[in-house]
Amino acid sequence: MSEEKKLFQEGKPLKASSRPLTGMRKAISQKMCESYFQNPVVTLTTEIDMTEAAGFRKKWNGEQEEEGCKLSFLDMIIAAVAHALHNHPSFNARLEEQKIYFLDEVHVGFAVDLNGRGLVVPVIRDADGRNLAELAEERARLVEKVLSGRGEPGDFSGGTFTVTNLGSYGIDAFTPIINAPECGILGVGRIVKKPVAVEDEVVIRSRMVLSLTHDHRLNDGGPAAKFLREIGDRLEHPEWMKKDCIKI
């Protein structure tokens with residue numbers, strides 16, 4: 001029996017206590033408050049079909065098994081985001097001193113939970129210029145580095161867009177908070193097999209919800225919907241990821 005299940009069955013008494021808001025928890029608190037109260041945001045959600053993506057990932061991992069590089073769904077999502085940003089540059093931008101700065105580099109951050117000790121966002125630099133193997137290797141390298149406590153300031157700086165994934169925790173959809181000064185963040189839910197209608201027939205498909213929170217000062221609902229739709233389309237039809245390089 002797992003420790004979690006044992007605690008659930010036996011119950012664990014609550015103990016009144018307090019502790020100062022310091023260190024990483026204080027830094028996270030300040031950053032989240034700054035972003036939440038200063039940015040007028042909207043969250044859009046859409047459910048996409050991940051059946052083809054699941055098949056692509058399974059085949060890719062089978063072919064790359066000897067290389068020892070395992071492709072995750074997060075890698076595929078980051079690749080889709082990095083590519084879509086080229087067609088929607090207003091999401092690879094930031095607002096500073098009443099000027100909108102459009103960035104020519106795509107550095108995608110991804111949230112990593114430090115086993116309850118806090119949350120960090122390592123950044124994959126030039127994510128649009130990496131093929132899937134390179135992207136997966138860099139993501140795995142950064143995760144191992146930050147979880148072992150060896151993360152450096154440079155690993156967390158310079159991001160232009162962030163992806164946060166709670167699918168592994170059984171979450172379907174949520175409203176992520178922008179990692180300021182970025183202007184958007186993509187929330188990823190779990191992949192669930194469910195019956196859906198396809199050409200008037202009910203079939204079982206793998207479905208996933210994407211939640212895009214964006215700063216309404218830089219983008220209205222229409223452009224945000226198109227950006228989110230392109231990410232979804234690229235995940236629903238992943239064959240383009242076979243290219244040696246993601247970048248256009």
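Colleague: Is Ser211 buried or exposed?
Modeller: This is a predicted model. In it, Ser211 has 0% relative accessibility, so Ser211 counts as buried; the cut-off for buried is under 20%.
Colleague: Which strand is Ser211 in?
Modeller: Ser211 sits in β10, which covers residues 201–215.
Colleague: And what does the side chain of Ser211 reach?
Modeller: The backbone oxygen of Phe174, at 3.2 Å.
Colleague: Leaving aside neighbours within four places in sequence, which residues is Ser211 in contact with?
Modeller: Among them are Thr43, Leu44, Thr45, Ile185 and Leu186.
Colleague: Now the largest nonpolar core. How many residues are in it, and which touch the most other members?
Modeller: That core has 45 residues, and Ile78, Val163, Leu186, Leu210, Ile231 and Leu235 touch the most other members. Elements that each supply at least two of its residues include α3, β8, β9, β10 and α6.
Colleague: Which element gives the most to this core?
Modeller: α4, with ten residues.
Colleague: What about Cys183: buried or exposed?
Modeller: Cys183 has a relative accessible area of 1%, so Cys183 is buried.
Colleague: And what is the relative accessible area of Cys33?
Modeller: For Cys33 the value is 39%, so Cys33 is partly exposed.

Technical notes
Residues numbered from 1 in each chain as written. Predicted model: local features only at pLDDT ≥ 70, side-chain atom pairs only at ≥ 80, totals over all residues. Heavy atoms only, no water. Helix = DSSP H or I, 4+ residues; strand = E, 2+ residues; numbered from the N terminus. Buried < 20%, exposed > 50% of the residue type's maximum accessible area, 1.4 Å probe, protein only. Polar contact = N/O pair within 3.5 Å; in protein donor to acceptor, adjacent residues only side chain to side chain. Contact = heavy atoms within 4.5 Å. Core = buried A, V, L, I, M, F, W, Y, C linked by side-chain atoms within 4.5 Å.
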